[in-house]
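Open the model in your viewer and colour it by chain. The tour has two stops: an interface, then a ligand.

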Amino acid sequence: MNHTGVDLIGSVFAQAKSENRALLIGYLPAGFPTLGESVALVEAMCDGGVDLIEVGLPYSDPLMDGPVIQQAVDQALGNGATPQSVLTVVKAVANRGVVPVVMSYWNPIEQFGIDAFAHELQQAGGAGVITPDLTIEEGQPWIAAAGGQDLAPIFLVAPSSTNERISRICQVTQGFVYAASTMGVTGARDRVSNLAPELVARVRASTDLPIAVGLGVSNGAQAAEIAKYADGVIVGSAFVTAANAGGVAGVRELARELAGGVHRAR
Amino acid sequence: MSTTQANLQGDLPGHYGPYGGRFVPEALTSALDQLDAAFRAGVADPEFISRLVDLERDYTGRPSPLTRARRFGEHCAGARIYFKREDLNHTGSHKINNVLGQALLAQRMGKTRIIAETGAGQHGVATATAAALLGLQCTVYMGAEDTRRQALNVARMKILGAEVVSVATGNMTLKDAINEAMRDWVASVDSTHYVLGTVTGPAPFPEMVRHFHSVIGRESREQIFAVEGRLPDAVAACVGGGSNAMGLFSGFIDDANVQLRGYEAGGEGVETGRHAARFAAGTPGVLHGARTYVMQDEWGQTVPSHSISAGLDYPGVGPEHAWLHDTGRAIYESVNDSEAMDAFALCSRTEGIIPAIETAHGLAGVIRLGKELGPDSVIILNLSGRGDKDVATAARWFGIELEHSEFGASIELSEGR
Ligand SMILES: Cc1ncc(COP(=O)(O)O)c(C=O)c1O
């Protein structure tokens, strides 16, 4: 079947919903620690039960990221990661039958050329792009370019977003809404932010799109807690830490634990 | 450039042609909206204005003088050179103008903590000073390379009661300090205002910082009329992020006959790749929240900058400068380390003013400009800061022996890292 990116994301969320569970979403930067190893790592995520993968495009100035992801993208850049590496990893994910989206700061996409990026990502099997530093005010050209390839433009909402902003963000977002649960940068935290349930409730009031919660989730128990009320649970830094400590096996094991949390939550 | 440059939202607030805007995490947009509202309300509120004006007069020491630089002018083909003496402000540079405005806004917004990035340390010192004055907590982020070469200012900030965080990521200079300050701010925005130190960053920072520095241009305009009875032929400044330049330019931007000249850091030479010449070697892109000229590779990764001057050592530039450059209203040239240090020495010896090394880039530019415009021309240079903080660097550059003096000790201390 010839699914568009937006449809693909919709159908994995629908599938999870029919199983009465949340989706497990995992992040790793492309080219970390090397291109070849990063392909093996995302495949391990797929095998361990991750439903949707965010492939990070390494950027020199990742303002939203804490030390763990900063070091990982530095390593990837040092080993020569480029947007081509991202496309390679996206293909590998798609080949496993798992839905890939890209997570990228804005400048690398702008320099690649937004239409070219949307086109090549679509060709590689990508379904959407999360743009953590692109505000909806600046996002119009990208929304049009992504729309031309049926890719989902995925924007973030934060605890500080007003209801009025949330509603405007939901109007231009497709696929799912990324609820950044914490006021802060990425990184595993001991406790899941208590701001998350309130934020998810406010987003629900604005949209029928699925809502995925990210920032700070690192283990199965935390994933289960979020999976009670959100449609997706996003895990990033913890996968980087698992890769650093245990490589492919470590990532597969973490994916299994998190998937277990998501499956038993409700 | 591709079609991506087509985001021509020149009419939207916070944009300068295709430049400027807001490229930030969603978590910061409400704080930027709050800041924008507080800024607009503040500058329309007579009480806020009078508090700021009182501080400028009684604390900063404004108006700063406009000094005719006769002996230095002889080296500028005899042009009539005037220095706008921002070096005489309390804390030693123009940076205090912006900081007092923003610190008052922080109070107005009910914030109890201010944070800042700093390169040369002048902005950090000014922020630590305002925090002490207004009873606010203060944290300053500074690249590890800069804490070494501007050790005097690190000590000043600590004496003033600020926490100084040495940033050891990336190139360990201003860009990396801004990254860390932004990360702090995302997590602390309820209690904390980020006092950005130059005309860069997401809206409303470029407009707001320019506004608080526009006093430089206003005073200069009045002062030059008083002594010369006419407008200058050109106004000139060094350009790091571009705040001292925008402050001066703003007084003359509507006078089409007044040339606006900016001087960026050529480092070891633009051809060597070790420089901070955004206009000579950068391209439009997005960095630290705004679209502007950026030193970047073909994939949009920021390329490290280099300059002997910590305050000019930054791979981006204020978005309004990008637009002034593209429209041709202002002209930007680069000045290498060695040319700047020659001008540093010349200014010291002809005028008895030791300038900041940032400022020395503007001084070198004015030597060229005098030759270009001729002996009858009138030129104002923003003498943005004094050189106390740079004495160790200059002594090293000129091979001045200081081993048995106090400065010798401070050089060793700063080289020890
Ligand atoms: C004395 C002085 N001049 C100029 C600058 C450069 O900043 P801007 O271009 O924002 O004026 C600095 C920055 O640290 C400075 O300390």
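Buried area is the accessible area, taken with a 1.4 Å probe, that two parts lose on being put together, summed over both. Keep that in mind for the first stop. Note also that this is a predicted model.

**Stop one: where the chains meet**

Select chain A and chain B. The area buried between them is about 3100 Å², and carbon and sulfur atoms give 51% of it. Now pick B:E26, B:R183 and B:W299. These supply 24% of the area that chain B buries against chain A, more than any other three residues.

Show the contacts next. On chain B, 38 residues touch 39 residues of chain A. There are three salt bridges between the chains. Zoom in on one: B:R291 pairs with A:E110, with the closest N and O atoms 2.6 Å apart.

Which elements of chain B give two or more residues to this side? Select helix 1 (26-43), helix 8 (174-188) and strand 11 (283-287). Helix 8 of chain B gives the largest share, seven residues. By class, this side of chain B has 13 nonpolar, 18 polar and seven charged residues.

**Stop two: the ligand**

Centre on the ligand. Of the 19 residues around it, B:T198, B:G240, B:G242, B:S243 and B:S384 come nearest.

Now look at the ligand's oxygen atoms. A polar side-chain atom of B:H94 lies 3.0 Å from one oxygen atom. The side chain of B:K95 has an N or O atom 3.1 Å from an oxygen atom of the ligand. At B:G241, a backbone N or O atom lies 3.3 Å from a ligand oxygen atom.

Is the ligand buried or exposed? Taken alone it exposes 390 Å², and the protein buries 98% of that. Finish by selecting helix 10 (243-249) and helix 14 (357-373) of chain B, which each give two or more residues to the shell around the ligand.

Notes: Residues numbered from 1 in each chain as written. Chains lettered and ligands numbered in written order. Predicted model: local features only at pLDDT ≥ 70, side-chain atom pairs only at ≥ 80, totals over all residues. Heavy atoms only, no water. Contact = heavy atoms within 4.5 Å. Salt bridge = Lys/Arg side-chain N within 4 Å of Asp/Glu carboxyl O. Helix = DSSP H or I, 4+ residues; strand = E, 2+ residues; numbered from the N terminus. Nonpolar A, V, L, I, M, F, W, Y, C, P; charged D, E, K, R; others polar. Near = heavy atom within 4 Å. Polar contact = N/O pair within 3.5 Å; in protein donor to acceptor, adjacent residues only side chain to side chain. Areas by Shrake-Rupley, 256 points an atom, 1.4 Å probe, with all protein chains shown as cover.
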